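Here is a short report on one protein model. Look at the sequence and the 3D view, then read on.

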Amino acid sequence: MLASASTSPPMLPPLYGRWISDLLGGPLPEEQAATCSDCVQCQSHVPEGYRFADATKCCTYVPALPNFLVGGGLKAGSLAGRERLLRRMAAQPDSITPHGLDATDDERDRYRDILAAEQFGRDPSLFCPYYLAEAGGLCGVWRNRNGICATWYCKHDRGARGQRFWQALEVLLTAVERELSHWCACTILLKRPRRPRAARPRGAGGRAARATSSAAAPSSSKRSAGPKYRP
Ligand code: SF4
Ligand code: SF4
């Protein structure tokens, strides 16, 4: 799904690529029919009503990024990707949970509406906050995209067999994301000492700090009570 600025993107983000390469004994073959950098679904030969919009490609969707991918993007992502992550956190503080950066309830509802209206890839009223439209439609978090994005292709070189493979891999990676993000959150929760309430910063700048701080007190927040993270 989508492309990075790199000329030859690997099939999976580096972390997932290592896991799956170890699991299957080698890298995955490319899906060449899904020409993401020159989106095949956006081309004029695709009939009206099926064609995707250049402004969105297949990214009329807000992905939930697990905490370890958010950290990876902030630490080593592209400048544009880091800027998009920070912008997302500032614009939607409710999307920040101990498990990562979630989609909001409103975004989930709008996504369901888009699917119901068969406007996936066409309705620009909802598109991914990490989508770099100004760069020709690149993914700002390509090296840290989630399992759903990493396994979604509009076309499959090996037909139904390939589609079933990617769907199975999506289920596997999503389960790993859920468990690993929960483990990361719990590790931080149990090891980080909680600061006294009076010492916590206030105001807009303090919200992000409080989000981290609340991660140290499981009982103080519904969000930290369990794996709320829903890809
Ligand atoms: S619609 Fe297909 S070709 Fe276009 S960006 Fe998405 S996966 Fe790639
Ligand atoms: S994370 Fe990247 S691939 Fe996924 S929806 Fe956003 S821009 Fe598209």
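The backbone oxygen of glycine 147 lies 2.7 Å from a polar atom of the threonine 151 side chain. Threonine 151 sits in helix α5, residues 147–151. Helices are DSSP runs of H or I with at least four residues, strands are runs of E with at least two, and both are numbered from the N terminus.

Is threonine 151 buried or exposed? At 4% relative accessibility, threonine 151 is buried. Buried means under 20% relative accessible area, exposed over 50%, and partly exposed in between, with a 1.4 Å probe and protein chains only. Beyond its neighbours within four places in sequence, threonine 151 is in contact with Trp166, Leu169, Glu170 and Leu173. Contact means heavy atoms within 4.5 Å.

## How to read the model

This is a predicted model, in which local features need pLDDT of at least 70, side-chain atom pairs count only at pLDDT 80 or more, and totals for chains, interfaces and linings use all residues. Residues are numbered from 1 along each chain as its sequence is written, chains are lettered from A and ligands numbered from 1 in the order in which they are written, and side-chain values use heavy atoms, with hydrogens and water left out.

## The whole protein

The protein has seven helices and five strands. From the N terminus, the elements run α-β-α-α-β-β-α-β-β-α-α-α. There are 231 residues, and 42% of them count as buried. Take the contacts with a separation of 6 or more: residues 24 or more positions apart account for 71% of these.

The protein exposes about 12500 Å², and carbon and sulfur atoms supply 57% of that. Accessible areas come from the Shrake-Rupley method with a 1.4 Å probe; for residues, only the protein chains shown count as cover.

## An open sheet

Three strands form an open sheet in the order β1-β3-β2, with antiparallel pairing. β1 (65–66) and β2 (96–97) are the edge strands; each has a single partner, so one side of each lacks a neighbour in the sheet. Strands pair if DSSP finds at least two bridges between them. β2 and β3 (residues 100–101) pair over two bridges in the antiparallel sense. Threonine 97 has glycine 100 of β3 as its bridge partner.

## Helix α2 and its cover

Helix α2 spans residues 67–76, and its buried residues are Asn67, Phe68, Leu69, Val70 and Gly73. What covers them? The cover includes α1, β1, α3 (79–91), β3 and α6.

## Two loop residues with positive phi

Lysine 57 has a phi near 45 degrees, positive in a residue other than glycine. Lysine 57 lies in the loop between α1 (14–24) and β1. At 5% relative accessibility, lysine 57 is buried.

Glutamate 118 also has a positive phi, near 55 degrees, and is not glycine. Its loop runs between α4 (105–116) and β4 (131–132). Glutamate 118 is exposed, with a relative accessible area of 61%.

## A nonpolar patch

Leu23, Leu24, Phe165 and Leu172 make a nonpolar surface patch of about 360 Å². α1 and α6 (159–191) each supply at least two of the patch residues. Leucine 172 belongs to helix α6. Leucine 172 is partly exposed, at 37% relative accessible area.

Patch residues have over 30% relative accessible area and no salt bridge; like charges are joined within 9 Å, and nonpolar side chains (Val, Leu, Ile, Met, Phe, Trp, Tyr) within 5 Å. A salt bridge is a side-chain nitrogen of Lys or Arg within 4 Å of a carboxyl oxygen of Asp or Glu.

Terms used:
A polar contact is a pair of N or O atoms within 3.5 Å; within protein, one must be able to donate a hydrogen and the other to accept it, and residues adjacent in sequence count only if both atoms are side-chain atoms.
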